[in-house]
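Please look through the sequence and the model shown below before reading on. The report then takes up accessibility, cavities, aromatic rings and charged pairs in turn.

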Amino acid sequence: MRKIIALWVCLTLCFTFTCGSVLESDVFAQRDELVDKERGIVRSLVWSDEFNGNELNTEEWSIDLGQVDTSYSDVYQPTAREENVKVANGFLDISSQISFNNNERRVVKSDYIGSIHTRDSGFRKFNEVEIRAKISPAYGVSSTSYLLGKGKLWPKCGELDLFQYNNDEDLLTQVLITPKTYNVSGFLNQKVWRNGLDKSKFHIFRVKWWDKKVEFYIDNTLTGTYDPANYSTDPEPTKDPKAWPFTESATIRILNSMNPEIAGRIISEGWTLVKENEDSKDYETHTYVDYVRCYYNGKASAPEYFEKSEPRVDEAHKKKKSKKLTFTHLSFHRHDGVQVRVYKSKKQAKKNKKYIVNKVKKTKGTTTVVKSKKLKNKKKLYVRVRHYLVLYGKKYYSMWSAPKKVKIKKK
C-alpha cells in the first residue's frame, strides 16, 4: 500500500511540473529552443505582442484606414476601418463585414476590412518572425500576413508572405518576392508553396531568413526553402540585391485581404450571418491572431539584444494598509528572473536611487508580487523592473524599465 501511495505521489509531482513547463512555454519559447550550443547561437526574442489587454498597442501598431487593398482590382474597393481591429480575450481580432442582396448575385453595400502594420519605433532587426493565427473561413476574404523590408520601394525591398489563404481554392500560399522573381511586365514569377490547411484551428506560421537562405514553416514543419544562388550569377548571391534584398529590418502587416486574385470569389459561404434585412443580408468574418514574435539569431557569447532591451511595467497596484504590491510587466525577451525596485517619489525613481524595497516575494509569468512593511500606508509609490538571463553560467541584465506609478487603493 505504501508503495502504491509513493508511486501516486511521484506521478502527481511529475504531472505538476510538466504542466508548469507547458504553461511557461505558452508565454515564451522553452530554453532548449533558444540556445543552440553546437553552433553557438542564441535565439533571442527581440520584439513581441501577445495581445493582452483590451486595446491595440498603437505605439507599436498603426491601423490602416481607407482603400488599402485595391492593387489587383478596380471592381472591389474594400474600406479599412478602425472598428474592424480589436483586441480582446488575449487575441487580435481582424474582422470583415459585407452585405449581399437576397439572391446573392452581387454586393449591395461597401465591404469593410481590418488591416494593421508595425510602426517604425526605432532600430529593430530580426531574422525570424512567428505568428500564431486562426484564418478566416469566408469565401472572398484571405487572412494575410507579410513582411516588407524597409528603406526601398517594392519589390526592391523584398516581400515575405507568412500566409495567404484562398477559401475558394482551399489553398494556403506562402510567397517570396524579390526583383529577380518579379517580372516588371506584371506577371508574378514568385517562389510559391501551396498547403491545404485546417482553418478551424490555430496554426503557427514562421519565416526564417538566415545569412544565405530563407525558410518557411507551418506548425514547425519546413514547407519551403529559397536559395538566392538559383536566381543569381553573382559568385556571392547574397551580395546581389536583386536576388537577396533581405538585409534590413522589416515591417509586418496583418489584414483580411479581399483582392480577388488572392482571396477568390465573394459568396456567402463561410461567412457568419449577423443581420437579415428586407432586401439584403449582413455577414461578418474574423481572423484571430494569438501572438506575433520576432527573433534574432546571434552569437551566444554576446546577447546584446537582451542587454539593450527595456521591459515595461503595465500596471501596478496595492491597498493602502497592505504590505503587498502587485504589478504586471512585459519583456520582449525570454528571461530567467526579475529584479525590482520600489521608490517613494518619482524623482528618486527617475534617478534610480534611494529605493525602499528591492526584494521579490514571488513572480509568475508576467505578474510579480513585492512584500515589505515599508510599503504600508504610503501615499505615493513608483516601481521599476529589469530582467536577467543566465547563459553558460553568466548572468546578463536588461535595462531598467521606466518608472510606473502605483495605484494606491484605500480599501
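## Terms and basis

A residue is called buried when its relative accessible area is under 20%, exposed when that area is over 50%, and partly exposed in between, with a 1.4 Å probe and protein chains only. At 33% relative accessibility, Lys213 therefore counts as partly exposed.

This is a predicted model, in which local features need pLDDT of at least 70 and side-chain atom pairs count only at pLDDT 80 or more, while totals for chains, interfaces and linings use all residues. Residues are numbered from 1 along each chain as its sequence is written, and side-chain values use heavy atoms, with hydrogens and water left out.

## Salt bridges

Side chains of opposite charge can pair when their charged atoms come close. With a salt bridge taken as a side-chain nitrogen of Lys or Arg within 4 Å of a carboxyl oxygen of Asp or Glu, the whole structure holds twelve salt bridges. One of them joins Asp168 to Arg265, with the closest N and O atoms 3.0 Å apart. This pair links distant parts of the chain, 97 residues apart: Asp168 is in the loop between strand 11 and strand 12 (171–177), and Arg265 is in the loop between helix 3 (260–263) and strand 18 (272–276). Here helices (H or I, at least four residues) and strands (E, at least two) are DSSP runs, numbered from the N terminus. Asp168 has a relative accessible area of 30% and is partly exposed, and Arg265, at 48%, is partly exposed as well.

Lys213 forms a salt bridge with Glu215, the closest N and O atoms being 3.0 Å apart; Glu215 is buried, with a relative accessible area of 8%. In the bridge between Asp314 and Arg312 the closest N and O atoms are 2.9 Å apart. Asp314 is partly exposed at 36%, and Arg312 is partly exposed at 31%. Salt bridges that share partners also join Glu128, Glu130 and Arg206 into one network.

## Aromatic rings

Rings of Phe, Tyr and Trp (its six-membered ring) are paired if their centres lie within 6.5 Å, and planes under 30 degrees apart count as stacked, over 60 as edge-to-face and the rest as tilted. By this rule there are ten aromatic pairs. The ring centres of Trp244 and Phe246 are 5.6 Å apart with their planes at 90°, so this pair is edge-to-face; Trp244 and Phe246 are both buried. Elsewhere, ring pairs link Trp47, Phe51 and Trp61 into a cluster.

A charge sits over a ring if NZ of Lys or CZ of Arg is within 6 Å of the ring centre and within 35 degrees of the ring normal. Arg386 lies over the face of Tyr397, at 4.1 Å from the ring centre, and Lys395 lies over the face of Tyr388, at 4.3 Å from the ring centre.

## Cavities

A cavity is a set of points, on a 1 Å grid over the protein atoms alone, where a 1.4 Å probe fits but cannot get out, and its lining residues have an atom within 4 Å of a point. Grid points are joined across faces, edges and corners, and a volume is the space filled by probe spheres set on the points. The model has two cavities of 30 Å³ or more, and the largest cavity holds about 110 Å³ of space.

The largest cavity is lined by 16 residues, of which Gly149, Cys157, Pro245, Phe246 and Glu248 lie nearest its centre. Strand 10 (142–149) and strand 11 (159–166) are the elements that give two or more residues to this lining, and strand 10 gives the most, with three residues.

Notes. 1 Å grid on protein atoms, 1.4 Å probe; cavity = no way out; pocket = protein on both sides within 12 Å on 5 of 7 lines; lining within 4 Å.
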